[in-house]
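Here are my notes from going through this one, point by point. Have a look at the structure alongside them.

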Amino acid sequence: MSDGNLVNIPVPSVDSVTVAVRVRPFSQREKNSGSKCVISMHSRTTTTIQDPKNPEHRKTFTFDLAYWSHNGFQKDKDGVFISADPTSKFASQKDIFHHLGKGILDSAWQGYNATLLAYGQTGSGKSYSMVGFGTNKGIIPNVCEELFQAMEKRERNQECQVTFSMLEIYNEQIRDLLSRTKKPGGLKVREDQQLGFYVDGLTSVPCENYTQIERLMEQGTKTRTTASTNMNASSSRSHMVITIQFKQVFLDRGLTKQSTINLVDLAGSERQKSSGSEGDRLREGSQVNLSLTNLGNVISALADAATGKKVLHVPYRDSVLTKLLQPALGGNSRTTLIVAISPADICYEETLSTLRYAERAKKIRNKAMVNTSMLTRESKAENIRVPLAHGNFRMAEQPARPLAEPGPWARELAQAREEWRQQYMAIAKEQRMMETLPHLLNVNEDPQLTGVLKYFIQAGSSDAGRAVSNAIHLQGLGISDKHASFTNSDGKVTVTPHSKCKVVINGVPIMTKTKLQHLDRIILGSNSAYLYIGFPSERDSEDLNRFDYDFFQLERAAAEGVSMDKLGAASHSDGKADPSVLAVFQDYVRLMPLVAEANQMGEELKKGLRMELKVKNLAASDSRGHELQKEVMVKVTNQRTHEVWIWSKAKFINRKFLMEELYQRFLDGEDSHVAQEDDPFWDPVEVIHLGSAHVWLQSLAYSMKFEEQVEFLNCDGKEEAVVHVHMTPCSPEGWWVACGEEDVVIDPSELLGRRMDFQVGLVRGLGIKWLKEDAERGIQMGYRIYDLSSTLYSKPVWKTVNPQIEETVQFTALNASQEFLNYLQTNALIIDLWGLPEGCAQMNCSHPDLTVTSEGHIMVDTKKMSTVVDTGQTPSNQISELYMKLLKFERETELLRSVNRALREENAFLKQSIEKVGSTPQGEKLSHKLSDALKVTWTAARPPAAREASPVRTGPASSDREFAKALKLLYHSMNVARGQLLRLRQAKPPEEDEMLRPFVHQQAQRLKDFGDLLESSLWRLKTDVAVIVKKKRASLLQAQ
């Protein structure tokens, strides 16, 4: 490799950060969810994202490179993904390396520092691009392999020195992944005037071939996996940094070039709204996200500076990560950022956030320079004495030093050979054991860490647990000192749990000795997952990759009765699963192991809590009967005090980070006691939503009374309580009078423009489970009707299982609008039941902001009235008499207009009739009849006040009394049927075996169809009856 033109005085070159975007294929979860692709790349530089909720809204970003890896690929005979055909725009791992990796190597050979950062949300494909999987090698191994291949072609008087280091940053602590010992509190970042920021005590290992690099990466990955298990920390929340120090020595010219190559796999970039502390009283989940947040601040500040804005301070010192990346961001380095994104619509917000992040990073300007120095006479002699050979040598655990020092380099080479030989022997021994002995392989959420740990089951009995004396030494939450025993005897392996230790086989907990089969899935403790590999005679050429972390969790969920059917995913008439429900199911499955871990930490810390997953709105619907958006939540119960909290997904994840911090202090033997207000396992008591009930308002649209005991259903769709409720049409004074035949409302439009008064009464609660569980608790109920600005709450009732509520509220619509009448016919009043723990503050029962009539009744349907007078300028409880008269005058004016239209129609009818009949006796008789009909019409159309002054009866009341009674029964039956139908729809089929499920689903569909038919039949029957009554009235009118 040519050295290029050496210069005595390095001249900085101003370079922008190179930004590349790569979109991956759908994950299995996204396929199962029926996800749609919202990403398109119409050129090698543009990336367009489409809003799934508003398809017309698209945003296009332009970067240096855009890689389409979503589809258009196939596997070759070696398992490498390649383009499916010449027209495919698929970007393979080879393509990524050709564009990005070779650029890093070229910079290194020229003597520039080079940095590659991988950014994106968890599961977006960062690690796949950086490290790869199987035969699909990523950028890091390809860069290392290509480096050593190029070194073989170096010039005769050119020597090369390579050292390798690997670290992990988690929770602002640095762990050396090549060290066998863990330093409490992690390694420290120091600052040197010449070196800048560096990690004190970091192991730096000399390497002379790619095989050694591979072994070091395997060792680092194993350390990372063990640390992840011991600390109960997900690898997706940590940053991995690989540093390659590359030094070129030109003996004939007395010069050196030195390059630092940083390859950084950043932690998942989930937004705080999704995985942070939104809505939590405690600080953001530990310091896990601190480094990414500060990295964003640094990038924003540098981007502002690049666009000419005045930036007073770039916050490099605010986190460990930004200190180490200072040269890569605005400093002496050529930097590339590869952004990995998901194509799925369900990840739209995260993907858009990631692209905007990359857009800011693209503006950063670096000042890279060639790092050269002159060799001293001693240095020349040292490099001549120690030529690099292609042999084996041991790793040296020594602090990283500038490679300009030749002495340590010679000593490190001399010390390394024996240990490399021993390590190769240990690897060969492990390979032989894997071929002959049954063993356990670890399964991790991060595919890169799966299969790294291997536990061999020797002949005889092997104890497994935390104790170091065990044959199988395990770490992890919920693992006891003596957790289980594995017995290898007579060609079979069995496992026996110790005492009450948790052992799960293929999703099912076991308590007794159980025989293992090849490829059985084992979970020990709260969530330590292993795949059992049987004897060689049991093995076949099966694909072990399908038994990934998701497989374990889905199997566990199915065994516990959690399925998409239970969540209502199969409710679509087209047979396709509801994507929103599937997303909730995925959240549920993802949180299951986290809740198990949180419970285990609470148990070991003696917190006395029990956490369980719930699905909000599982059986709930809105006021029109449509299903509400479901979401996962965590119910937390203090088993000693019976206090209950409901945590959102985001809040729980935040709390779990804080729990892990506290638990780690406990494991380290430190004081784990915290003040109550800082305890992540505690919250102040709060009001708990227990359930809701639907009371259909249709009866009010027909001026009929509704009175019934309604069920309150909790989040699981089970009965939480029964409450006696009534809704009663009444007079302005609050009196309810039984309606006679002449007052029956056949068509709700008859109420248009009229005053409507009705009462909603909550009488008594029956069998409230919340109160049964703890006699010191209380309850409140709340509801909101139509356009009320706030929710009405009943007064709290404490310490009684069957609370007497006895609260009635009267509502008034002074001028009923068509919208309000439509609302009454199609909506239900949703009454929420709230639980009050002991010592909890009650919800406010007073509502001074509501508008009331002069009688003190709450006004609804006030949209039209607000155009007459601005109620915000008038005290809500002091509406003037002038205002009331104005409203009355407006109503009567509208009625008079209707009368005028009716009179005009009658006048036209009269003229036509007179012209036809002429001046005959029959014509005269007809004129009298029309005159009488006109009187009836006028009477019916007169304002209420005038009508009360001179009432007119249209016929004997007895003629329609029975028929009116039948109508009332019909409407009442319709309400009862609607309520029953709602309960039937909310009922989910029970979990049965696979043969019975299709039948159950078919029956559920038939039941739905029957319900729809019944409802439409009842509606048609009501309409027909209304037509009959109208005709009868018309005939009576003619008879008069």
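1. Phe81 comes out as partly exposed, since its relative accessible area is 26%. Bear in mind that this is a predicted model. The ring of Phe81 is paired edge-to-face with that of Phe73, with 5.4 Å between the centres and 85° between the planes. Phe73 is partly exposed as well, at 30% relative accessibility. Over the whole structure, the search turns up 14 aromatic pairs.

2. Another of these is Tyr455 with Tyr530, also edge-to-face, at 5.8 Å centre to centre and 80° between the planes. What does this pair link? It joins distant parts of the chain: Tyr455 sits in strand S23 (residues 454-456) and Tyr530 in strand S32 (residues 528-533), 75 residues apart. Here both partners, Tyr455 and Tyr530, are buried.

3. Tyr530 turns up again in the surroundings of Asn442, a residue of strand S22 (residues 439-443). Is Asn442 buried or exposed? It is buried, because its relative accessibility is 5% and the cut-off for buried is under 20%. Leaving aside residues up to four places away in sequence, Asn442 touches Thr225, Leu449, Thr450, Gly451, Val452, Leu453, Ala529 and Tyr530.

4. Next, the strands around S31 (residues 521-524). Both of its faces are covered: Arg521 and Ile523 are buried on one side, Ile522 and Leu524 on the other. I'd look at Arg521 in particular, as it is among the buried residues there. In general, side chains in a regular strand alternate between the two faces of the sheet. S31 has an antiparallel pairing with S28 (residues 503-505) over 3 bridges, where Ile522 is the bridge partner of Ile505.

5. S31 also pairs with S32, again in the antiparallel sense, over 4 bridges. Ile523 stands opposite Ala529 of S32, and Ala529 is one of the residues that Asn442 touches. S31 and S32 make a hairpin with 3 residues between them, and Gly525 in the turn has a positive phi of about 70°.

6. On to the cores. Which residues have the most contacts inside the largest nonpolar core? They are Phe712, Met781, Ile785, Phe811, Phe820 and Ile831, in a core of 48 residues. Phe820 touches Met756, Phe758, Tyr786, Ala813, Val860 and Asp861, not counting residues up to four places away in sequence. Another core lies apart from the largest one: it has 47 residues, including Val38, Leu302, Val320 and Leu324.

7. Phe811 and Phe820 also belong to an aromatic cluster, together with Phe758, Tyr783, Tyr786 and Tyr823. Two arginines sit over tryptophan rings: Arg777 is over the face of Trp770, 3.7 Å from the ring centre, and Arg655 is over the face of Trp647, at 4.9 Å.

8. Last, a proline in a helix: Pro141 lies in H4 (residues 139-151). It counts as buried, with a relative accessible area of 5%. Pro141 touches Met130, Val131 and Tyr210, again not counting residues up to four places away in sequence. Tyr210 is 69 residues from Pro141 along the chain, and their C-alpha atoms are 8.3 Å apart.

Technical notes
Residues numbered from 1 in each chain as written. Heavy atoms only, no water. Phe/Tyr/Trp six-rings, centres within 6.5 Å; stacked < 30°, edge-to-face > 60°. Buried < 20%, exposed > 50% of the residue type's maximum accessible area, 1.4 Å probe, protein only. Helix = DSSP H or I, 4+ residues; strand = E, 2+ residues; numbered from the N terminus. Lys NZ or Arg CZ within 6 Å of the ring centre and 35° of its normal. Contact = heavy atoms within 4.5 Å. Core = buried A, V, L, I, M, F, W, Y, C linked by side-chain atoms within 4.5 Å. Pairing = 2+ DSSP bridges.
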